[in-house]
Amino acid sequence: MELVLRFNMSNQRLGRFLGGLVLGSVVGTVVGLLVAPRSGKETRQLLKKSAETLPELAEDLSTNVQLQANRLSESALRNWDETLIRLKEAISAGLEASQQQQTLYKAEAEKHLPESAKTTGER
């Protein structure tokens, strides 16, 4: 559960960062073009070229985000699998230790039983 929450938080941070990056790039481009010492015609042509490349930029960004999400997802699955393996090993070790302790307690209890109870099986 904690791993899933961390994974979701990482995706949210990445999405916010990339969204901010795109927004900042667009705002910076527009401001730069408006402040640049060019004629209106040159500025419009430059804006038109920039607008034509936006879909390609958005697709590249989308592909990049998808690749990052896939990597994070694969990493989370690997970590989950490793955690499950360690959990199974810990449970197995705990069961084994419990059985050993139970055997020791039985042996210790039999030492303290009266002789008559040991031979008749009474407790």
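Here is a short tour of this predicted model, one selection at a time.

**Stop 1: the whole chain.** Starting from the N terminus, the elements run α-α-α. How much of the chain is buried? Buried residues make up 5% of the 123 residues.

**Stop 2: helix α2.** Select residues 40–112, which is α2.

**Stop 3: the bend.** Stay on α2 and zoom in on Leu-54. Here the helix bends by about 35 degrees. Next, pick Pro-55, a proline that follows within four residues of the bend.

**Stop 4: the largest pocket.** This pocket holds about 180 Å³ of space. To find the spot, select Val-26, Thr-29, Ser-50, Ala-51 and Leu-54, which are the closest to the pocket's centre out of the 11 residues that line it. Two elements, α1 (2–35) and α2 (40–112), each give two or more residues to the lining. Which one gives the most? That's α2, with six residues. Colour the lining by residue type and you'll get seven nonpolar, four polar and no charged residues.

**Stop 5: Ala-51.** Finish by picking Ala-51, a residue of helix α2. Is Ala-51 buried, partly exposed or exposed? Its relative accessible area is 42%. Buried would mean under 20% and exposed over 50%, so Ala-51 counts as partly exposed. Ala-51 and Val-26 are 25 residues apart in sequence, and in space their C-alpha atoms are 9.9 Å apart.

Conventions. Residues are numbered from 1 along each chain as its sequence is written. This is a predicted model: local features need pLDDT of at least 70, side-chain atom pairs count only at pLDDT 80 or more; totals for chains, interfaces and linings use all residues. Side-chain values use heavy atoms; hydrogens and water are left out. On a 1 Å grid over the protein atoms alone, a cavity is a set of points where a 1.4 Å probe fits but cannot get out, and a pocket is an open set with protein on both sides within 12 Å along at least five of seven lines; lining residues have an atom within 4 Å of a point. Grid points are joined across faces, edges and corners, and a volume is the space filled by probe spheres set on the points. Ala, Val, Leu, Ile, Met, Phe, Trp, Tyr, Cys and Pro count as nonpolar, Asp, Glu, Lys and Arg as charged, and the others, Gly among them, as polar. Buried means under 20% relative accessible area, exposed over 50%, partly exposed in between (1.4 Å probe, protein chains only). The bend at a residue is the angle between axes fitted to the seven residues ending there and the seven starting there.
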